[in-house]
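Open the model in your viewer and keep the sequence panel beside it. We will go stop by stop, selecting a few residues each time.

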Amino acid sequence: SSRLHPDDITKVYSDIGDNLSGKTEFFTHEYRFLNKKGEYIWILNRGKVIERDENGEAIRVTGTHTDITKQKLVELKLFEKESWIRSLISNMDDLVFVLDNQYIFKEYFQKASESLHVAPELFVGKYFLEVGLPSDVSALIKSALDNCKKTKISQKVDYALYLPNGSFYFDLGISCVCDDQNNITDFICVARDITKQKQIES
């Protein structure tokens, strides 16, 4: 245990203890381990009790230890990058939302000070066509999403919302995000309020 990272000791021993006592069928966890160079590496540990005595005590355990340091470093870098992006987006004046490739809301960013502010939890996890937009607006945006999905080319669409407190106009940009195999994973959508611009034009 002296070579386990202090923050991981409790979790590791708890998982193994639960398996030895029969509370769990197997155990799996990630922990940091101090190697001979004095550096912490990440280990993925999987195992299970495969034999018990007549009293139910564990007498044989099998498992694997896999060095996942490179994978964890990549994950940590991605997490830092995503945190930076979220911080950047959250300070934008525009409404930004992310849909998966089935048009389900994954993220929703909007300043709380905006007059049309809607709590993210009302959108996240819901299908795009189920969030209560007017049918004509939904159809317009759905068509743009479909075109983006088919062509992998960014789309632009303007739409209006006619509400009790007035009319609001938006310019919506839609871009796709692809994985290493060029398959679309997400759509990033940025809606800019162009109401004042429209009022000036009219």
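Predicted model: local features only at pLDDT ≥ 70, side-chain atom pairs only at ≥ 80, totals over all residues.

**Stop 1: the whole chain**

Show everything as a cartoon.

The accessible surface comes to about 13,500 Å², and carbon and sulfur atoms hold 52% of that. Of the 202 residues, 30% are buried. Look at contacts between residues at least 6 apart in sequence: 37% of them join residues at least 24 apart.

**Stop 2**

Hide the surface and select Lys152. This residue is in the loop between H3 and E6. Lys152 has a positive phi of about 60 degrees, although it is not a glycine. Is Lys152 buried, exposed or partly exposed? Its relative accessible area is 36%, so Lys152 is partly exposed.

**Stop 2: the largest nonpolar core**

Select Leu145, Leu172, Ile174 and Phe187. The largest nonpolar core has 25 residues, and these four touch the most other members. Which elements give two or more residues to this core? Colour them in turn: strands E4 (95–100), E5 (105–109), E6 (155–163), E7 (166–178) and E8 (184–193), plus helix H3 (135–151). H3 gives the most, with 5 residues.

Next, centre on Phe187 and show its surroundings. Leave aside the neighbours within four places in sequence. Phe187 is then in contact with a list of residues including Phe97, Val98, Leu99, Tyr103, Leu145, Cys148, Lys149 and Ile174. Two of the names in that list, Tyr103 and Lys149, come back at the next stop.

There is also a second, separate core. It has 5 residues, among them Leu4, Val12, Tyr31 and Ile41.

**Stop 4**

Select Tyr103. You are in the loop between E4 and E5. Is Tyr103 buried or exposed? Tyr103 is buried, because its relative accessible area is 4% and the cut-off for buried is under 20%. Its phi is positive too, at about 65 degrees, and Tyr103 is not a glycine.

For another example, select Lys72 and Trp42. The charged end of Lys72 sits over the ring of Trp42, 4.6 Å from its centre.

**Stop 3: the aromatic cluster**

Select Phe97, Phe105, Tyr108 and Phe123, and show their side chains. They form one aromatic cluster. How many aromatic pairs does the protein have? The count comes to 7.

Start with Phe105 and Phe123. Their ring centres are 5.1 Å apart and their planes meet at 70 degrees, so the pair is edge-to-face. Phe105 lies in strand E5 and Phe123 in the loop between E5 and H3, so the pair ties together parts that are 18 residues apart in sequence. Phe105 is buried at 4% relative accessibility. Phe123 is buried as well, with a relative accessible area of 12%.

Tyr108 and Phe123 make a stacked pair, with 4.4 Å from centre to centre and 10 degrees between the planes.

**Stop 4: Thr195**

Finish with Thr195. Find it in helix H4, which covers residues 195–201. Thr195 is buried, with a relative accessible area of 8%.

Which residue's side chain makes a polar contact with the side chain of Thr195? Select Asp193: the two side chains are joined at 2.6 Å. Then show the backbone of Tyr169. Its nitrogen lies 3.0 Å from a polar atom of the Thr195 side chain. Set aside neighbours within four places in sequence, and Thr195 is in contact with Ser167, Phe168 and Tyr169.

Conventions: Residues numbered from 1 in each chain as written. Heavy atoms only, no water. Helix = DSSP H or I, 4+ residues; strand = E, 2+ residues; numbered from the N terminus. Buried < 20%, exposed > 50% of the residue type's maximum accessible area, 1.4 Å probe, protein only. Polar contact = N/O pair within 3.5 Å; in protein donor to acceptor, adjacent residues only side chain to side chain. Contact = heavy atoms within 4.5 Å. Areas by Shrake-Rupley, 256 points an atom, 1.4 Å probe, with all protein chains shown as cover. Core = buried A, V, L, I, M, F, W, Y, C linked by side-chain atoms within 4.5 Å. Phe/Tyr/Trp six-rings, centres within 6.5 Å; stacked < 30°, edge-to-face > 60°. Lys NZ or Arg CZ within 6 Å of the ring centre and 35° of its normal.
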